[in-house]
Amino acid sequence: MKHNYKSIICEIMEYIVLIAPTAGYSIYCYADTLQYTMSEKSKGMFWTLISLVCLLAVLYSLFKKKYKRYVDGYVQQKTDLEVHPDNELLIKKVAEKSTVIENIDLVMTVIPLLLVITVLTAFQNAISQLLMIFEMLAGSIMAKVCLHCLTIHFEKVGMYNKLGGKGNGENTKP
């Protein structure tokens, strides 16, 4: 659908509603916490933990890519084993990789949990503020959804008006 001035304004409002409340409150909490409630030692620990989480997230994403290649190789070897069930070396390799993959799959679920625990440890004194940020984020997303419905409505009405209709789907021209 094509945009008209109402839908463009509404779309801009969608992003303002999505970003502004959460970002504004986050900045307020950040400034308030750093200026008034955290000691110098706490600030150092906070930034150390946040840096650690960022580093671990990058390493996790790199590991995940390498792990996907490893799993793809395992799937290929398992397929080859179905074609050649009497290959002893292939049986040994598939068994080894199966053990590794089944254990790493469990570790892969623990790593994001550890990252969340680390972030929560960094924010343990500000959990109420963090909860408020998440609540604002949820509200902002819901508000964006509502405004997006309005944007689509404005686009639809604008398209119908171009056709000469009344904006309700009926074309009055013969």
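Phe63 and Tyr67 are both in helix H2, four residues apart, about one turn of the helix; helices here are DSSP runs (H or I, at least four residues), numbered from the N terminus. The structure is a predicted model, in which local features need pLDDT of at least 70 and side-chain atom pairs count only at pLDDT 80 or more, while totals for chains, interfaces and linings use all residues. Residues are numbered from 1 along each chain as its sequence is written, and side-chain values use heavy atoms, with hydrogens and water left out.

A search of the whole structure finds two aromatic pairs. Rings of Phe, Tyr and Trp (its six-membered ring) pair if their centres lie within 6.5 Å; planes under 30 degrees apart count as stacked, over 60 as edge-to-face and the rest as tilted. The rings of Tyr25 and Tyr28 have centres 5.9 Å apart and planes at 40°, so this pair is tilted. Tyr25 and Tyr28 both lie in helix H1, three residues apart. Tyr25 is partly exposed, with a relative accessible area of 21%, and Tyr28 is partly exposed at 48%. Buried means under 20% relative accessible area, exposed over 50%, and partly exposed in between (1.4 Å probe, protein chains only). The rings of Phe63 and Tyr67 have centres 5.9 Å apart and planes at 15°, so this pair is stacked. Phe63 is partly exposed at 35% relative accessibility, whereas Tyr67 is buried at 9%.

Tyr67 also belongs to the largest nonpolar core, which has eight residues in all: Tyr60, Tyr67, Tyr74, Leu81, Leu90, Val94, Ile101 and Met108. Helices H2 and H3 each supply at least two residues of this core. Such a core is a set of buried Ala, Val, Leu, Ile, Met, Phe, Trp, Tyr and Cys residues joined through side-chain atoms within 4.5 Å. Met108 is in contact (heavy atoms within 4.5 Å) with Tyr60, Phe63, Lys64 and Tyr67, leaving aside neighbours within four places in sequence.

Helix H3 (residues 88-122) has 35 residues and reaches 51 Å from its first C-alpha to its last, close to the 51 Å expected at 1.5 Å a residue; the expected span is 1.5 Å times one less than the number of residues. Buried residues of H3 include Lys97, Ser98 and Thr118. Helix H2 (40-83) is included in what covers the buried residues of H3.

The structure holds two salt bridges, each defined as a side-chain nitrogen of Lys or Arg within 4 Å of a carboxyl oxygen of Asp or Glu. The side chains of Lys144 and Glu14 form a salt bridge at 2.7 Å, N to O. This pair links distant parts of the chain, with Lys144 in helix H4 and Glu14 in helix H1 (residues 5-37), 130 residues apart. Both Lys144 and Glu14 are buried. Asp72 forms a salt bridge with Lys68, the closest N and O atoms being 3.4 Å apart. Asp72 and Lys68 both lie in helix H2, four residues apart. Asp72 is partly exposed at 41% relative accessible area, and Lys68 is exposed at 53%.

Helix H4 (residues 127-163) contains Ser140, which is buried with a relative accessible area of 3%. Ser140 touches Val17, Leu18, Pro21 and Thr22, not counting residues up to four places away in sequence. Thr151 is also found in H4 and is buried at 2%. With the same exclusion of residues up to four places away, Thr151 touches Ser7, Cys10, Glu11 and Glu14. Thr151 and His3 are 148 residues apart in sequence and 8.7 Å apart in space, C-alpha to C-alpha.
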